[in-house]
Amino acid sequence: MTKQEILETIELRQSTLKTWLSCPLMYKFRHIDKLEPAFRYPGTVHGSALHLVLSWLHEGLWNGDLRSLYTKALNYYLYESEEEHIPVRWGGDVEKEIEALKVNAVEILENYRSKEYNQNAIVLFSEVQFSVKILGNRFSGTIDQVRKNPDGTIELLDFKSSKMRPNQYAIPNDIQLTLYAYACKFGELLVDGIWVKPNMLVDSVGIYFLRAHEVYKRKVPGKEVGDEKGDPFFRTSKTIHDLRAFRTEIRHQLSAMVKPWYYPNTASCAFCSYTAHCIGRNDKLPTDQAEEAQELLAQLNMT
Ligand code: SF4
């Protein structure tokens, strides 16, 4: 594939960048070869459902029944979304796991809702699509939330529900967060079906770590049973100079993304849903020879 063909094949979404940064080989499978992941993790579906409930809360359902809202959102991602045909890799008893997800969701959402900083925030945009051109290439994706805080500051937030606590030192270099801030300043947002240009330089960007609202079930040093796990905010700021410099960074990333070779990042393999595709790769063989070898192995029942 030529660079131009690769550029025409991939969609420049924030998820494409995310996959590229996680593992270039996974990016090839997902965004160039258009292969689907073999499975979905329950945690990923859980995160999507939590995002959906948070957007509903801020769209008028603030006092809604959290368990019912979460169940509705979870069922959507399990049975109705575009990915519903991709199996979920449940660990054991599905009913018990779903119940555990519901209990966890209610705990997180109740504590989210109990905070004055969330009650008093004015949400300007929630789960809003963006589109922005950077050096001739159009990037798109979804911003989780842009809010006006009670002190008047405008804050852009990306909700995270993975178990691993974000690393505060990595936040200033987070490409996705910078892309969102860039889109608010130089791009367009789809609001009620109309593309608008907010031309907004946000005061801060950051990750809102939802698992910080989980509570300790056992006493640990410095914390009592029932205490929440910590502060959910991991913030940084982006000046106009940072956003301009970001164009150069995007150019570098993009020029690497369209080169037709892809380095496996084996640090991500333990969690990868492309292992089935990846296990058969051989970077040193031309594709036709690799396919021939695969066929021979298949005839010998060795694949
Ligand atoms: S199995 Fe590892 S190297 Fe292969 S695509 Fe997944 S993360 Fe990348």
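Analyst: What follows takes some labels in turn and sets each value against its cut-off, keeping in mind that this is a predicted model.

User: What makes the rings of tyrosine 27 and tyrosine 262 a tilted pair?

Analyst: The ring centres of tyrosine 27 and tyrosine 262 lie 6.0 Å apart, and rings pair when their centres lie within 6.5 Å. Their planes make an angle of 55 degrees; because stacked requires under 30 degrees and edge-to-face over 60, the pair falls into the remaining class, tilted. It is one of 15 aromatic pairs in the structure.

User: Why is this pair said to tie together parts of the chain?

Analyst: Tyrosine 27 belongs to helix α3 (residues 24–32), whereas tyrosine 262 is in the loop between α9 (240–257) and α10 (275–278), so the contact joins parts that are 235 residues apart in sequence. Both tyrosine 27 and tyrosine 262 are buried.

User: Why is the pair of tyrosine 117 and phenylalanine 233 called edge-to-face?

Analyst: For tyrosine 117 and phenylalanine 233 the centre-to-centre distance is 5.2 Å and the angle between the planes is 65 degrees; since edge-to-face means over 60 degrees, the label applies. Tyrosine 117 lies in helix α7 (residues 116–119) and phenylalanine 233 in strand β7 (residues 233–236), so this pair ties together parts 116 residues apart in sequence. Both rings also belong to a cluster linked by ring pairs, together with Trp62, Tyr112, Phe159 and Tyr208.

User: How do you know whether phenylalanine 233 and tyrosine 117 are buried or partly exposed?

Analyst: Phenylalanine 233 has 11% relative accessibility and therefore counts as buried, the limit being under 20%. Tyrosine 117, at a relative accessible area of 29%, is partly exposed, because this label covers the range between 20% and 50%. Lysine 28, in helix α3, is likewise partly exposed, with a relative accessible area of 23%.

User: What makes arginine 235 a charge over the ring of phenylalanine 233?

Analyst: Arginine 235 lies over the face of phenylalanine 233 at 4.0 Å from the ring centre, and the distance limit is within 6 Å. Lysine 229 lies over the face of tyrosine 216 at 5.8 Å from the ring centre, which also meets that limit.

User: What makes the shell around the ligand nonpolar, polar or charged?

Analyst: The shell residues divide into seven nonpolar, two polar and one charged. Cys23, Pro264, Cys269, Cys272 and Cys278 come nearest of the ten residues around the ligand, and Cys and Pro count as nonpolar. The space that the ligand takes is the largest cavity.

Note on methods. Residues numbered from 1 in each chain as written. Predicted model: local features only at pLDDT ≥ 70, side-chain atom pairs only at ≥ 80, totals over all residues. Heavy atoms only, no water. Near = heavy atom within 4 Å. 1 Å grid on protein atoms, 1.4 Å probe; cavity = no way out; pocket = protein on both sides within 12 Å on 5 of 7 lines; lining within 4 Å. Sits in = over half its atoms within 2 Å of the grid points. Helix = DSSP H or I, 4+ residues; strand = E, 2+ residues; numbered from the N terminus. Buried < 20%, exposed > 50% of the residue type's maximum accessible area, 1.4 Å probe, protein only. Lys NZ or Arg CZ within 6 Å of the ring centre and 35° of its normal.
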